[in-house]
Amino acid sequence: MTYQTIRTEEHGRVATVLLNRPDRMNAWTRRMEAELAHAIAGFEVRDDIGAIIVTGAGRAFCAGADLDEDQTSDATLRELFRPATDRPYWEMRTPTIAAINGAAVGVGMTLPMKLDIRIAAEDAKLGFVFTRRGLTPEFGASWILPRLVGAANAMELLLTGRIFDGRDAVRLGLANEAHPADRVLDRAREIADDIVRNVSPVAAAVTKSLVYRGLESDDLSAHARLEQKLYDWALGGADFPEGMASFVEKRAPEWRLRKNTSFPAELFPGRYGGGERE
C-alpha cells in the first residue's frame, strides 16, 4: 500500500508509523486519519507484530487539523483505505506507544491519549486548544482525559486550552516519561523492544482489554470476577509454564500463544472480543 501522508517501518516485531507531512508540521487531514487507521489496523491483525509506535516526521508530532487539506471525499477514502479490523485504538490487542517528538495540539494531542504509553519531548508545546478556536473536544478527549488526570485537571486543560510542555504532561499524568526531543523515539523503541522480547503477546492483549473495559465499568465486583476468570484461563494456558521456565532458566521466553489467534474472545462479554472484518 502506498501512502501520501504517513510512512511505515518495521524493526523486528516492532512497527513504527510516522505522520509524514513535516513541511506542514504533520497537520492532520482526513486522508492522514484514513491512512493511519489503515496502517495500524494492518499491523494489529498480524501476530508477528508485538508493538506499534506512532510518531511524527521532522520537528513536530502533529500541529492539529490542516484547514487547507485536499478535498478527497470521505467515501473515496473509505474505499481506498478499508482497515483490516474495525477495532478502535483502545480495543486493539497490540501495545501502542506514542512518541511525541515535538508540538502536538488539538487532534495531535487527542490521538496519543488513545494509545497505551506516551513518551514526550521535554520542551514540546502541547495543548487541547479547541476552545481557543471556537471548537469543542473531539476524538474522545472529554471522556479519556478525566480518567487520566482527574476531573479538575481535565477541566482546566480543556476549558483554558492552554499550552504546556512535556515535563508538565508527565507531572499531570498525561505522559509516562519526558526526554530531550532527539531521545523520544529511541526511548519508545526501547520500551517496545522490551515488550516484544519479554511479554506474552496474548497476556498483553488481555491486560489491555481488562484495563480499558475497567475504565468503562461502574461495577468493581463484576470486573473482579471477569479478571479472575481470565487469570484462571491464563494459568491453564501454554504461556504460563513457559514464562516460569524462562524466568528460572534465565533465558528469553518463547511464547506459544498469539494475540489474535489465541485471544479468549469468548470470555469477554460484549464488543471486546470481536472486530475482525470478514
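Three strands form an open sheet in this predicted model, in the order β4-β6-β8. The pairing is parallel.

**Sheet**

- The edge strands are β4, residues 60–62, and β8, residues 126–127.
- Each edge strand pairs on one side only.
- In the order β4-β6-β8, β6 sits between the other two strands.
- Strand β6 covers residues 103–105 and pairs with β4 over 2 bridges, in the parallel sense.
- A60 stands opposite A103 of β6.
- Strands of a sheet pair through backbone hydrogen bonds, either parallel or antiparallel.

**Nonpolar surface patch**

- Two helices each supply at least two of the patch residues: α9 (220–235) and α10 (239–248).
- F240 belongs to helix α10.
- Is F240 buried, exposed or partly exposed? F240 is partly exposed, because its relative accessible area is 38%, which falls between the cut-offs of 20% for buried and 50% for exposed.

**Largest pocket**

- Helices α1 (30–44) and α2 (74–80) each give at least two residues to the pocket lining.
- Which element provides the largest share of the pocket lining? Helix α1 does, with 6 residues.

**Cavity**

- The structure holds 1 cavity of 30 Å³ or more.
- Residues lining the largest cavity include R13, G50, R93, T94 and P95.
- Also in the cavity lining are I195, V196, V199, S200, P201, A204 and K259.
- Helices α7 (181–198) and α8 (201–216) each contribute at least two residues to the cavity lining.

**In short**

- The sheet is open and parallel, with three strands.
- Helices α9 and α10 each supply at least two residues of the nonpolar patch, α1 and α2 do likewise for the largest pocket, and α7 and α8 for the largest cavity.

Notes. Residues are numbered from 1 along each chain as its sequence is written. This is a predicted model: local features need pLDDT of at least 70, side-chain atom pairs count only at pLDDT 80 or more; totals for chains, interfaces and linings use all residues. Side-chain values use heavy atoms; hydrogens and water are left out. Two strands pair if DSSP finds at least two bridges between them. Helices (H or I, at least four residues) and strands (E, at least two) are DSSP runs, numbered from the N terminus. Buried means under 20% relative accessible area, exposed over 50%, partly exposed in between (1.4 Å probe, protein chains only). On a 1 Å grid over the protein atoms alone, a cavity is a set of points where a 1.4 Å probe fits but cannot get out, and a pocket is an open set with protein on both sides within 12 Å along at least five of seven lines; lining residues have an atom within 4 Å of a point. Grid points are joined across faces, edges and corners, and a volume is the space filled by probe spheres set on the points.
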